[in-house]
Amino acid sequence: MSRFSAEDQFESIDLTADEEEDNAYNLEDENPEVSYRSEDIDVYGLVRRIKHKSIYIPRFGERQGPDNDTEGFQREFIWTNKQIDRFIESIFLGYPIPAIFLVKLSDQRRIVLDGQQRLQALTMFRSDNHKIGNYHKNDGSGSYVLAELSGKKFSNLSESEKLKFEDYIMQVITLEATPRDNKNAIYNIYERINSGGTPLTAHEIRVALYAGEVVRKISELNDYGNWREIYSQNFNKRLRDHELVSRVLALYEGYEKYMKPLKKFLNDYYMNSNESSENLDKSSLVFKRACDVIVDSGVGRSAMRPRDDNRINIAWFDSFMVAVMRNIDMCEQNKGDSFRQAYERYSSSVNNEYFDEYFTGATTDTFDVRKRINYALENFNLEDD
C-alpha cells in the first residue's frame, strides 16, 4: 500500500511564495561547459534500454548500482489511466510528442531528466501492465483509435498494431556537463527545461542530483515517528516534508552564513554533507531529540501550525525548530509541562504585527531568514518569568 494518501494535499507545505522569490535568482554555475546530442529512438529501443537500465528512472530511496550518481529521485508515477490511454492514442495517431531529456553519468548510463511519465507509460503498456480502458466512438467517450484499442493490452494487439507502436520514433536529447560532476550546472539545466505538465519542484531536482548519504539520512529522519506526529502521518508526494527536514538541518548547522537564494544554500548543504557527514550525524540526533520533546510536551502539531487554519507555516517552524535544537540540552532537562509553557509564552508573545513581519510572505531573503531565527533564539526560552 502506498504511504501517500488523499489527505496529502491538505497537509502540504505552501512554498509558493518562497519558490517565486527564490526563482528570481540564478545559481552561480561558474561558466560550466554543457554539451548535448539529439537522436531518434523508437519505442522498442527505449523500452529495451529502460529494462536494461542503460536508461533508467531512479526511485526515491533506491540504490541502483555502485555509482552514487545513479541513486536519486523521480516523483511517483502520477498519470491516470486515462492520461496513459491518451498518450498511447497519440502514438497510434502519429502525433508529435515532446523530447525526452537525459543526463549522461560517469558510468556511461543515462538518467531521465525530463520525460519520466511518458517513459513509464510506454514501459507499462509494452510490458502488459496497462490495459486500455473501455471507449466507444458512438457515445463520444473515445476517438476511433481508442475505440479500436478498447480493453486491450499490448499482447492483445494485432501484429501490425504492435509494430506501429514499437516503431514510433521519439526524440531523445542527452546532456553532459564538463566536468561531468558539476551538479550545479545540471541543476540549472534541469530548471530551465523543467516545463512539463507538472514540473518538478526545486527539491525534487535537488534530491535527484545530489543523491547519496545525505538523502538517505534525511529520508530516515522523515520516517521518524515523532516527526510524523508533528508533520502528518501522510507523506507528501512532492517531498515537501523531506524538504522541510533538509531546511531545518541546514539552518540549524549554519543559518548565520545563510545567503539567498535558498535553493543554492540547500544545494551546497547537500553537496557538503555528502562529502563529510559528521555534522549531519550530530544534527540528525539533535533533530530527533527536538521532535521527542515537542511531542512529549503535548505541543505536537501546533509547533508548525501557529494559526487556526491548520496550515503549516515553514517560516514559523524552521526558526522555532532551530531555537529548540540550539538549546536541546536545556530542553532535555525540562520536558513536559515546562516546555509546553515555554512554547505558549513564545507563541503568545508573537502578536499579529510581529507575526506578519517575521513569518508571512516571501521569507527566503537573507535578512529575513537571519532576523526571524535570531528572534526565535532570543524569545524562546525555558526560564520562568
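Where is the place of Lys53? Lys53 sits in the loop between helix 3 (43-51) and strand 2. This report starts from that residue and then moves through the rest of the chain. The model is predicted.

**Confidence**

The chain has a mean pLDDT of 81, and 77% of its residues reach 70 or more. Among the elements, the lowest mean pLDDT (38) belongs to helix 1 (residues 8-11), and the highest (97) to helix 11 (residues 225-230). Over residues 4-17 the pLDDT is below 50, and this stretch has 36 contacts in the model beyond near neighbours in sequence. Residues 61-75 also have a pLDDT under 50. For residues 61-75 the model has 62 contacts beyond four places in sequence.

Most residues other than glycine have a negative phi, and most peptide bonds are trans. Lys53 has a positive phi, near 65°, and is not a glycine. Its side of the picture is partly open: Lys53 is partly exposed, with a relative accessible area of 39%.

Leu239 has a positive phi too, of about 65°, although it is not a glycine. Leu239 is found in the loop between helix 11 and helix 12. With a relative accessibility of 4%, Leu239 counts as buried.

The peptide bond from Lys260 to Pro261 is cis, with omega near 5°. Pro261 belongs to the loop between helix 12 (240-254) and helix 13 (262-275).

Strand 4 (residues 110-114) is mostly covered, with five of its five residues buried. Strand 4 pairs with strand 2 (residues 55-56) in the parallel sense over two bridges. In this pairing, Tyr56 stands opposite Ile111 in strand 4. With strand 3 (residues 100-104), strand 4 pairs in the antiparallel sense over four bridges. Here Leu102 is opposite Val112 in strand 4. Strand 3 and strand 4 form a hairpin with five residues between them. In the turn of that hairpin, Gln108 has a positive phi of about 80°.

**Helix 9**

Helix 9 (residues 202-209) is mostly covered: eight of its eight residues are buried. The buried residues include Ala202, His203, Glu204 and Arg206.

Ser297 lies in the loop between helix 14 (278-296) and helix 15 (314-326). Ser297 is buried, at a relative accessible area of 6%. A polar atom of the Ser297 side chain lies 3.3 Å from the backbone nitrogen of Val299.

At the start of helix 15, a side-chain oxygen of Asn313 comes to within 3.1 Å of the backbone nitrogen of Ala315. Helix 15 has 13 residues and spans 18 Å from its first C-alpha to its last, close to the 18 Å expected at 1.5 Å a residue. Why is helix 15 largely enclosed by the rest of the structure? Of its 13 residues, 12 are buried, so helix 15 is largely enclosed. Among them are Ile314, Trp316, Asp318, Phe320 and Met325.

**Aromatic pairs**

The structure holds 22 aromatic pairs. Two of them are set out below.

| Pair | Type | Centre to centre | Angle between planes |
|---|---|---|---|
| Trp227 and Phe287 | tilted | 5.5 Å | 55° |
| Trp316 and Tyr343 | edge-to-face | 6.5 Å | 85° |

Trp227 in helix 11 and Phe287 in helix 14 are 60 residues apart, and their pair links distant parts of the chain. Trp227 is buried at 0% relative accessibility, and Phe287 is buried at 0% relative accessibility.

Trp316 lies in helix 15 and Tyr343 in helix 17 (residues 337-349), so this pair ties together parts that are 27 residues apart in sequence. Both Trp316 and Tyr343 are buried. Trp316 and Tyr343 also belong to one aromatic cluster, formed together with Phe320, Phe339, Tyr346, Tyr358, Phe359, Tyr375 and Phe380. Two members of this cluster, Trp316 and Phe320, are among the buried residues of helix 15.

Terms used. Residues are numbered from 1 along each chain as its sequence is written. Side-chain values use heavy atoms; hydrogens and water are left out. Buried means under 20% relative accessible area, exposed over 50%, partly exposed in between (1.4 Å probe, protein chains only). A polar contact is a pair of N or O atoms within 3.5 Å; within protein, one must be able to donate a hydrogen and the other to accept it, and residues adjacent in sequence count only if both atoms are side-chain atoms. The expected span of a helix is 1.5 Å times one less than its number of residues. pLDDT is the predictor's confidence in each residue, from 0 to 100. Contact means heavy atoms within 4.5 Å. Two strands pair if DSSP finds at least two bridges between them. Rings of Phe, Tyr and Trp (its six-membered ring) pair if their centres lie within 6.5 Å; planes under 30 degrees apart count as stacked, over 60 as edge-to-face and the rest as tilted.
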